[in-house]
2 protein chains.
Amino acid sequence: MSSATGRAEARITIADVARQAGVSVPTVSKVLNGRGDVAPDTRDLVSGVIASTGYRPRRRQREQRLDAMLVELVITDLASAYALEVLAGAEDGASRAGAGLVVNAAHDHDGGDRSWLGALRARRPSGVVLVINRFGGGSAEDVASLGAPVVLLDPAGSSDPSLPTVGATNFAGGVTATEHLLSLGHRRIATITGVPFLLCSQERLEGYRAAMARAGVPTDETLVEQGDFTAVGGQRAATALLDRHDPPTAIFAGSDLMASGVYQEARRRGLRVPEDLSVVGFDDVSMCQYMSPPLTTVRQPLGEMAAESVRMVLEEVRARRDGVAPRPRTDSAAPHLQLATRLVLRESTAPPRSA
Amino acid sequence: MSSATGRAEARITIADVARQAGVSVPTVSKVLNGRGDVAPDTRDLVSGVIASTGYRPRRRQREQRLDAMLVELVITDLASAYALEVLAGAEDGASRAGAGLVVNAAHDHDGGDRSWLGALRARRPSGVVLVINRFGGGSAEDVASLGAPVVLLDPAGSSDPSLPTVGATNFAGGVTATEHLLSLGHRRIATITGVPFLLCSQERLEGYRAAMARAGVPTDETLVEQGDFTAVGGQRAATALLDRHDPPTAIFAGSDLMASGVYQEARRRGLRVPEDLSVVGFDDVSMCQYMSPPLTTVRQPLGEMAAESVRMVLEEVRARRDGVAPRPRTDSAAPHLQLATRLVLRESTAPPRSA
């Protein structure tokens, strides 16, 4: 979806890459095909030249057939309920379109955490959906060098604005969660934030602040505790909040996993949810319904977001295949979708004791 | 890994399939490539002939390269913690070998629940790992018709013995869970079983019975409640058990999800885990550590099982590529691995009140 690689393709040949890297054409070919019989230093050198020149190998036309098309999903951490929702949605989106979904965890086996990039380069994917929370500028360039359409799912916030993104209405979700607690009569409402440099964390926190201000409740910034999207982080934040001489009667946790940490700390102190403490989460991963009590949370439609990301990638693949010229657009005109969040009422909230 | 398809390949051509189905060669080709412009009845007819003749399309040699190899994972239900463990392990196994993992949910979109089979046929995978609980004889034949190596993960128990399988020591796991509760002093120990026709359910139940018998505790078959691996099923079974005039002091649930249902029912009655009721699960999905209290459970190494399945498939792909003749073996000599289960102690068990 970046036109830069399209232009580069016409100019740069595999011979140019070989010359610039000071290696033979067969060596470049081996690197492109992910072969193991290339020295690591040579591979790094050639990969660097490929990235800097924007060289893209030609594909045979038959590989562009939609019916055997592959979309690559790259995700930071596969071992999370979040990843599960994303995967299920992406697989559904791909299989409905007759495409295959290749799954890549951006883990650090033996070649740094970019080893997925080499694998993608070898497979020459039709398109890529990236779910990488710590997605930085360097990675964006690497991915663009693949020459395939790319969509960022749940973007960290700092990515190249020319790349299309699919996210959720995190601000509105923060408002909804907080307004629900306010409507039950809570006033001392605390919030536990996610990883602070992520856009979604900031938006959820701003939603909380906006709802409190709108209700005329003076903002008490000491009721904002920083978390990190983990259960341990949620428990640590809950400890700080419940140790206060004036503890909150309700906690809005910026993720379900952090809410489970709040549950642990409440149980450790003999506090019952929701009788003694109301808790609201964010995400609505499948675990919420199995928690005791089942967790009231803000549903982020991760599955739909993933399916929509795959759909956008495939649409671009079709447009390129059919020779449809990319619509002329400025960098900022790449689509940036936000799907709606909504409150899912379960059993973890109740009026405060004093009300 | 079945030699039948290898023999058939030499005899059957695409023209034979077309003649036998009474359609044109291009129509057979469309079906093989998963194209949408074939009438459903025609597709079913052609697919049936392909399956019954054992016809396998030729692949170009270059598609056999290991460095761009794809392993297809087919799983009944992607939306479960079980699936997440399997996926993460399979992805790890594939990426370590430099192969890509394509994920398929065996869901029922628009073409019956075998639509994944058409997708696989179109992509001509290097190998297939099947995780299909209701895997029947018909499906086994369909999968064999793809001509690619196949491994069954966590087999239902009724599959073709010539197909390699990877499972867990379910019987030993049932023994371990029950012996743990016995060692705490429990005697009235109930169990909630999984889907009854699955091999893993039967083995876990037999492990429970064996441990009770070994401890000299008379078997009370009314303490065996049938579940279905869901949280709702677990709660329903717990209701029956806790409604008794002589309720059990401990429950061994055949899955973590069913254990979460037991938690719900205990909470509804004001019973505390583990003070009033001990609970042990099975699987050790990631949710267990986030439950309140964290669940003591039997760890089934699903991730390692999945990685091992991928490894076995790739080994067979390499053997075929390198022209290594399949080792002569009888049907029953296909490998059937069982990886070890082990007890993971957390906080959901304690001595009974009366002890």
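A: A term to start with: contact means heavy atoms within 4.5 Å. Helices (H or I, at least four residues) and strands (E, at least two) are DSSP runs, numbered from the N terminus. This is a predicted model: local features need pLDDT of at least 70, side-chain atom pairs count only at pLDDT 80 or more, and totals for chains, interfaces and linings use all residues. Residues are numbered from 1 along each chain as its sequence is written, chains are lettered from A and ligands numbered from 1 in the order in which they are written, and side-chain values use heavy atoms, with hydrogens and water left out.

Q: Good. Which residues in H2(A) meet H3(A)?
A: A:Ile14, A:Ala15, A:Val17 and A:Ala18 do, and their partners in H3(A) are A:Val25, A:Val28, A:Ser29 and A:Leu32.

Q: At what angle do the axes of H2 and H3 of chain A cross?
A: Roughly 105°, and the axes come within 8 Å. Axes are lines fitted to C-alpha atoms, for helices over the stretch in contact, and angles run from 0 to 180 degrees between N-to-C directions. H2(A) and H3(A) are therefore roughly perpendicular. The cut-offs: under 35 degrees is roughly parallel, over 145 roughly antiparallel, 65 to 115 roughly perpendicular, and the rest oblique.

Q: New topic. Is strand E6 of chain A buried or exposed?
A: Buried: five of its five residues (189-193) are, so E6(A) is largely enclosed by the rest of the structure. Buried means under 20% relative accessible area, exposed over 50%, partly exposed in between (1.4 Å probe, protein chains only).

Q: Which residues sit on each face of E6(A)?
A: A:Ile189, A:Thr191 and A:Thr193 are on one side, A:Ala190 and A:Ile192 on the other.

Q: Which strands are joined to E6(A), and by how many bridges?
A: Four bridges join E6(A) to E8(A), running parallel. Three join E6(A) to E7(A), also parallel. Two strands pair if DSSP finds at least two bridges between them. In E7(A), A:Val224 is the bridge partner of A:Thr191. From E6(A) the chain crosses through H9(A) to E7(A), in a right-handed β-α-β crossover. Right-handed means that, with the strands pointing away from the viewer, the path from the first strand over the helix to the second runs clockwise.

Q: How many strands are in the open sheet with mixed pairing?
A: Twelve, in the order E11(A)-E5(A)-E4(A)-E3(A)-E1(A)-E2(A)-E2(B)-E1(B)-E3(B)-E4(B)-E5(B)-E11(B). The edge strands are E11 of chain A and E11 of chain B. The twist averages 25° from one strand to the next.

Q: Over to chain B. Which peptide bonds there are cis?
A: Among them, B:Val273 to B:Pro274, with omega near 5°. Another is B:Ser292 to B:Pro293, with omega near -5°. B:Pro293 lies in the loop between E9 and E10 of chain B.

Q: What is phi of B:Arg124?
A: Near 45°, a positive value in a residue other than glycine. At 27% relative accessibility, B:Arg124 counts as partly exposed.
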